[in-house]
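Good morning, colleagues. Please look at the model on the screen while I go through its overall dimensions and then one of its helices.

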Amino acid sequence: MVDRSSRAELTRVQRMRRVGLGLRRIVYWSEQASAFAAKKLRLHPTDLTCIGYLYDSEEALSPKQIISHLGLSSGSGTALLDRLEGAGFIRRVPHPTDRRSVLIELDREQAAEPIAFYRYMRQSYSEVMDKFSDADLDRIAEFLEEVSEVQVNARLDGLAPHE
């Protein structure tokens with residue numbers, strides 16, 4: 001981490017490199033933490049990611065929403081949902097307005113251990129965010145949203161690898 005007194009001396013290029021390195025480190029360590037947590041919980045990393053997505057959504061989602069969000073094929077997504085249902089982490093429930101489809105609900109009690117990982121990470125992030133003003137958080141959020149949009153567009157444009 002760069003101390004405050006030396007930050008004023010950084011050039012714009014150095015600042016941009018610092019931000020880029022920070023982003024790469026976030027991605028790397030986030031993947032490492034998720035892989036470690038998944039292994040500890042005896043889950044596939046994608047299973048843990050799906051549980052996190054359902055936990056964050058706070059409402060039932062369609063299988064299509066989940067599969068799309070995770071970037072899976074239809075077959076891989078169905079296998080994922082079958083695994084999670086078999087483990088008791090999710091349940092398929094009738095869609096309230098479309099009797100031909102189902103929604104996926106997270107069983108928060110059964111998924112308590114994976115949810116604890118996400119709660120721990122949220123708490124850790126909150127402790128860091130507490131150090132910033134509301135204006136700072138707005139700018140950080142804007143930056144992250146725009147970077148995320150660049151990544152989405154790169155994938156949609158075929159520039160990023162599909163998994």
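Accessible areas here come from the Shrake-Rupley method with a 1.4 Å probe, and for residues only the protein chains shown count as cover. On that basis, the chain has an accessible surface of about 12,300 Å², 54% of which belongs to carbon and sulfur atoms. This is a predicted model: local features need pLDDT of at least 70, side-chain atom pairs count only at pLDDT 80 or more, and totals for chains, interfaces and linings use all residues. Residues are numbered from 1 along each chain as its sequence is written, and side-chain values use heavy atoms, with hydrogens and water left out.

Along the principal axes, the C-alpha atoms fill a box of roughly 60 × 35 × 30 Å. The chain has 7 helices and 2 strands, where helices (H or I, at least four residues) and strands (E, at least two) are DSSP runs numbered from the N terminus. Their order from the N terminus is α-α-α-α-α-β-β-α-α. Of the 163 residues, 22% count as buried, meaning under 20% relative accessible area with a 1.4 Å probe, protein chains only.

I turn now to helix H3, residues 45-57. Its 13 residues should span 18 Å at 1.5 Å a residue, and its end C-alpha atoms are 18 Å apart, which agrees; the expected span is 1.5 Å times one less than the number of residues. Which residues of H3 are buried? They are Asp-47, Leu-48, Cys-50, Ile-51, Gly-52, Leu-54 and Tyr-55. Their cover includes helix H2 (12-40), strand S1 (90-94) and helix H6 (112-129), contact being heavy atoms within 4.5 Å. Just after H3, Glu-58 takes a positive phi of about 60°.

Notes. Buried < 20%, exposed > 50% of the residue type's maximum accessible area, 1.4 Å probe, protein only.
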